[in-house]
Structures are given as C-alpha cells and as structure tokens.
Amino acid sequence: MLPVALERIEKLGHQVYTAGDYNLNLFGIRASERAAGAFDDAIGCAYKAGGLWRVHYWQATTDPGWLYLDGASERFGADGTAILCPGQYLGAYTIGPHGRTRYDALIQSDDVAVFRDANRDHILDTVPETIMHGRFGINIHAATVSPYDESTSDTLASSGPWSAGCQVHASVAGFRDMMTLCKRQLEAHPTWVRFSYTLLDQWW
C-alpha cells in the first residue's frame, strides 16, 4: 500500500517512484489558508529503504512571504511575486548552491509554473490568467543563511523574509534531513542527479 501522500499524487495522475531503495518522492502540501507569512505548509519525502516505505513530513512554507508580496513591483516588476503552481515537476531540481552563502540546497534546474501576484497585499492570489512558465529560482532551501553550521538550530515562526516563491523549511533540522536523503539517493544511484517535486493543495 502506498503512503497517503503518494496515493494522492497517483490519484492526480502524477508519477510515483516505487522501484528500489532511496528513490525519493519529494512533495509539498500547501495549506488551504490564503494569508501569507506563516510556516503552515509541509514538505515531505516518501521512499523505500530495505523494501519498506518510509515517510517524513517537515514544517515549511510553499508560499512567498509578506516581505516580497509587499514589495512585489519593486523586486519583480509588473508581473509580481511568484507563487509555485500545484503540480508535478519531473527532474526539475538538482543539488546546487543557494543564497548569499552558496550552501547546498535543491535548486531549480528546469521549468516550473508560477502564478504572479502583483497587488501587494498579504493574500495569495492564484489566478490562472497570471501563470507563467520558466526558470525563476524557485529553490527548496532552509530559513537561514547557514543551515550546515552545527550551532544553527532555528525553527522559525514567520516566513516573511525567507521566501520569494521558494519552498522553505521552517527548521534547520528538517532541511538537513531532506538533504541527507537526497545524498543517500545519489549514493545508491549515482546517475540520478535530478529530483522531482510535486506540490499538492491540501485535500482534506
């Protein structure tokens, strides 16, 4: 039997990876709340180890924070702030440098789809007519500039300054766990250098 999140992914007609150990299914679940600024979503990973399913869920945001929504026109021009569209992005991520300190994270390496929100309030506007496709730097990273510093152990309450459209872990520990699993996939399957990510809307 598939884990619940993978059942949902499969029901939506998306790819689910079931063959072999450490064949990662990375996913996000966006809460139904439309107000930005909270770590009220989840990033998850489901995979097999020793032939048995394992599933992790980490507190996160899949939305841009209020800092970027407020300054949408200055930072992003008339198009507005990017909000990742629900869907599956096959092979769209690789391990690479993120942020000012260039730490290892999952960085966008293929096209994704985003809504554009330009009205500069704190409500997430997901209007189909605003959808754009491309490479916008929608990375999967931590809410800190130094997640691999062992003295860093933040779990943050506000996502305000941390996401301009990226998928962001609230806790350093959760981010480290995800990256450890990504590296386990590479150890088990050295040629599998790309990672897929599926963003789901909350369905319950």
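Here is a short chat about the sheet and the cysteines in this predicted model.

Biologist: In what order do the three strands of the open sheet come?

Modeller: The pairing in this sheet is antiparallel. Strand 4 (81–84) and strand 8 (132–134) are the edge strands, each pairing on one side only. Going from one strand to the next, the twist averages 45°. The order across the sheet is 4-7-8.

Biologist: Which residue in strand 8 is the bridge partner of Val114?

Modeller: Strand 7 covers residues 112–117 and runs antiparallel to strand 8, with three bridges joining them. For Val114, the bridge partner in strand 8 is Met132.

Biologist: How many disulfides does the structure hold?

Modeller: To count as a disulfide, two cysteine sulfur atoms have to sit within 2.5 Å. For Cys45, the nearest cysteine sulfur belongs to Cys182 and is 6.7 Å away, and Cys45 is in no disulfide. The total for the structure is zero.

Biologist: Is Cys45 buried or exposed, and what is the relative accessible area?

Modeller: Buried means under 20% relative accessible area. Cys166 passes that cut-off with 7%, so Cys166 is buried. Cys45 is buried too, and its relative accessible area is 0%.

Notes
Residues are numbered from 1 along each chain as its sequence is written. This is a predicted model: local features need pLDDT of at least 70, side-chain atom pairs count only at pLDDT 80 or more; totals for chains, interfaces and linings use all residues. Side-chain values use heavy atoms; hydrogens and water are left out. Two strands pair if DSSP finds at least two bridges between them. Helices (H or I, at least four residues) and strands (E, at least two) are DSSP runs, numbered from the N terminus. Axes are lines fitted to C-alpha atoms, for helices over the stretch in contact, and angles run from 0 to 180 degrees between N-to-C directions. Buried means under 20% relative accessible area, exposed over 50%, partly exposed in between (1.4 Å probe, protein chains only).
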